[in-house]
Amino acid sequence: MKKLLFLLAGACLVTGVFAQNGEKKKPASPPAAVSKTVKSGVTISINYSQPSVKGRTIGKDVEPKDGTVWRAGANKTTLFEISKDVAVEGKSLPAGKYGLHVLTNDGSWTFIFSKKWDQWGTEYNEADDALRVTVKSKKPAKFSEALTYTIGNNGRVALLWGDHEAGFTVK
């Protein structure tokens, strides 16, 4: 009986944090994922944690901040996975898993695909880069309170957060 109680107590600790009234608290940056097989036949998957703007200013109060590499999400490094060899913005990227990072500079966003994908978010080493592509950001059609990734049928991957949108095309 003691073993059963011990296992149940451990399960409660592992599955979540509970408020005093017994309700499960929602994480500040909950996990999210998007996956799609696009026209070219490649499956693109992105697993990330979804921070919210909460009245803060992106680039000033929260990342991405110019000149600082950001994990392109919260908590663990954002995981970007492709099922086949592809071209990202015309540059080759072999099939596999990558840590997705972002480096901004005055409206330009550099998406960094790191060979190190299973790590805590702020861990980054340029020597592990598999690919970098630089694109211009734009103002999205509507404000996105929570960081959101989308994948279009044409292979267009977009990061939407607050009043920022940046993305790249996978072919």
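Which residue in β11 is the bridge partner of Leu159? The legends below give the answer along with other close-up views. The model is predicted, so local features need pLDDT of at least 70, side-chain atom pairs count only at pLDDT 80 or more, and totals for chains, interfaces and linings use all residues. Residues are numbered from 1 along each chain as its sequence is written, and side-chain values use heavy atoms, with hydrogens and water left out.

**View 1. The open sheet of β9, β10 and β11.** Three strands form this open sheet in the order β9-β10-β11, with antiparallel pairing. Strands are DSSP runs of E with at least two residues, numbered from the N terminus, and two strands pair if DSSP finds at least two bridges between them. β9 (144-151) and β11 (164-169) stand at the edges with a single partner strand each, so one side of each has no neighbour in the sheet. On average, neighbouring strands of this sheet are turned by 5° against each other, direction ignored. For this angle, axes are lines fitted to C-alpha atoms, and angles run from 0 to 180 degrees between N-to-C directions.

**View 2. Bridges on both sides of β10.** Five bridges link β9 with strand β10 (residues 156-162) in the antiparallel sense. Within β10, Leu159 is the bridge partner of Tyr149. Between β10 and β11 there are six bridges, again antiparallel. In β11, the bridge partner of Leu159 is Ala166. A hairpin with one residue joins β10 to β11. Five of the six residues of β11 are buried, so β11 is largely enclosed by the rest of the structure. Buried means under 20% relative accessible area, exposed means over 50%, and partly exposed lies in between (1.4 Å probe, protein chains only).

**View 3. Strand β6 and its two partners.** Seven of the ten residues of β6 (residues 96-105) are buried, and the strand is mostly covered. β6 pairs with strand β3 (residues 78-82) in the antiparallel sense over five bridges. Lys97 in β6 is the bridge partner of Glu81. β6 also runs antiparallel to strand β7 (residues 108-114), to which seven bridges join it. Phe113 in β7 is the bridge partner of Leu100.

**View 4. The turn at Asp106.** The hairpin of β6 and β7 has two residues between the strands. Asp106 lies in the loop between β6 and β7. Its phi is near 50°, a positive value in a residue other than glycine. Asp106 is exposed, with a relative accessible area of 65%.

**View 5. The loop between β2 and β3.** Lys54 lies in this loop. Lys54 is not a glycine, yet it has a positive phi of about 55°. With 54% relative accessibility, Lys54 counts as exposed. Pro64 also has its place in the loop between β2 (43-49) and β3. The peptide bond that joins Glu63 and Pro64 is cis, with omega about 5°.

**View 6. The largest pocket.** Its volume is about 190 Å³. A pocket is an open set of points on a 1 Å grid over the protein atoms alone, where a 1.4 Å probe fits, with protein on both sides within 12 Å along at least five of seven lines; lining residues have an atom within 4 Å of a point. The lining includes Pro51, Arg56, Glu63, Trp70, Gly121 and Trp161. By class, the lining has six nonpolar, three polar and three charged residues. Here Asp, Glu, Lys and Arg count as charged; Ala, Val, Leu, Ile, Met, Phe, Trp, Tyr, Cys and Pro as nonpolar; and the others, Gly among them, as polar.

Methods: Helix = DSSP H or I, 4+ residues; strand = E, 2+ residues; numbered from the N terminus. Points joined across faces, edges and corners; volume = space filled by probe spheres on them.
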